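Work through the exercises below with the model open. Each task is followed by its solution.

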Amino acid sequence: MNSSGLMRCGKIFFVGIMAMAASAAAETVQPDPSYIDLKFMIDNLWILISTILVFIMHLGFATLESGLTRAKNTVNILFKNVSIVAIGLLTYSCVGFSLMYPGESFAGGWFGFSGFGIRPPEGGMTLAYGNYTYWTYFIFQGMFAATAATIVSGAVAERIKLSSFLIFAAVFVAFVYPIVGMWGWGGGWLGRLGFHDFAGSTFVHSVGGWAALAGIIVLGPRNGKYVNGHVRPIPGHNIPLAAIGAFILWFGWYGFNGGSVLKADPAAVSLVFVTTSLGAAAGILGAAATSWFIQKKPDISMVLNGSLAGLVSITAGADCITPLESVIIGIIAGIVVVLAVLFFENVVKLDDPVGATSVHLVSGIWGTLAAGIFGEGTSVVVQLIGIAAIGAACLVTAFTILFAVKSLVGIRVSAEEEMRGLDIGEHGMEAYPGFQIFVTQ
């Protein structure tokens, strides 16, 4: 073959290679339906996995609360925590989800309602996002709803009537939690202002914390907690159980925060995991150092609450802060939670057996402010407006519900029943049958 023939063959070969490359490039640019379906399935699956992690958090609350309270009230604590999951899911399915995500907000973004029950749009997809199904979003948010009432459970432990607590939890979760949640997450007025609460430092933890504060004010302290103006420590019966609960809660928080990305985005989920972890770790160190300095000895219950305070405080801005900022936020949360526990117990004489108001309310407020301080594009003024509005709404409604329940059915067990323990008085059984109790508190 002469040189001209070789040149013609080379041109044909080169043109063929270019055509193949162009075809391959076109295939990579054009969307592949199977790829889109796969992405949807992965995003949806991640949120469902996160839902499971949030569900496991209820076990963490149950073990933490029962460990930090007395053995004679363990059955009562466990019963409340099991019941709250049922109450939260059922009320949220009946009215809560439609109140929180009405599709359209009425009265200037203050209230909306799309009807009773859960009724997905055609195709089962959400209208706002294309990353998950309607059913997935409902069950994920339903687990959050139950958490708000769980926070109240620990604060009012060891002296509230079971029936009264269940009535309060049902009304509060069915109406108060979703309405204030709609203000930010459901297209309401706070969201329009630019209020930032990524996963619920305010909309979950502070909401539950305000209700817990109202509960302990209405109930008063446990018998024997304050004697002649002096604080009498009432230690929990099982610190190992409390520690297990704290670790379970930390574990579940990866779903609480990580799932709030609402898709399996590698960069976003990874950042949230890092800021969540560093916030919790810094909270432990902040609480340990503060407790050691003030109380002269390191207190494990303070350290456990320090880890939770770090988690609560990081939840509002976990998606928009740097790892270094998460450490700063967590350390401050750990310091503040110890000071808050001592303030509530010693100064204002409010009896909170597990420190729920300090962990969830105080740390929730700090975390929401921190999102405004450190988060790019978030206004501290708007964050303060949100904190004040939600605090006022939750306090007023919680007091109203509690006083209504108190006047209708009573709210506190008798002094004799409190002394014997709510396990025997309310349930007729013991958590540890066969064990001799030598000291009764």
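This is a predicted model: local features need pLDDT of at least 70, side-chain atom pairs count only at pLDDT 80 or more; totals for chains, interfaces and linings use all residues.

**Exercise 1. The nonpolar core**

How many residues has the largest nonpolar core, and which have the most contacts inside it? Which helix gives the most to this core?

Solution. The largest nonpolar core has 101 residues. Those with the most contacts inside it are Tyr92, Phe168, Phe172, Tyr177, Trp183, Trp253 and Phe256. Helix 4 (residues 134–155) gives the most to this core, with 13 residues.

**Exercise 2. A helix pair**

Describe how helix 7 and helix 13 cross.

Solution. Take the distance and angle first. The axes of helix 7 (residues 201–219) and helix 13 (residues 380–409) come within 8 Å and cross at roughly 40°. The crossing is right-handed. Now look at the contact. Helix 7 contributes residues including Phe203, Trp210 and Ile217. Helix 13 contributes residues including Cys394, Phe399 and Phe403.

**Exercise 3. Cysteines**

Is Cys394 buried or exposed? How does Cys320 count? How many disulfides are there?

Solution. Cys394 has 0% relative accessibility, so Cys394 counts as buried. Cys320 is at 24%, so Cys320 counts as partly exposed. With a cut-off of 2.5 Å between cysteine sulfur atoms, the count comes to zero disulfides.

Definitions and conventions
Residues are numbered from 1 along each chain as its sequence is written. Side-chain values use heavy atoms; hydrogens and water are left out. Buried means under 20% relative accessible area, exposed over 50%, partly exposed in between (1.4 Å probe, protein chains only). A nonpolar core is a set of buried Ala, Val, Leu, Ile, Met, Phe, Trp, Tyr and Cys residues joined through side-chain atoms within 4.5 Å. Helices (H or I, at least four residues) and strands (E, at least two) are DSSP runs, numbered from the N terminus. Axes are lines fitted to C-alpha atoms, for helices over the stretch in contact, and angles run from 0 to 180 degrees between N-to-C directions. A crossing is left-handed if the near helix is turned anticlockwise from the far one by less than a right angle, and right-handed if clockwise. Contact means heavy atoms within 4.5 Å.
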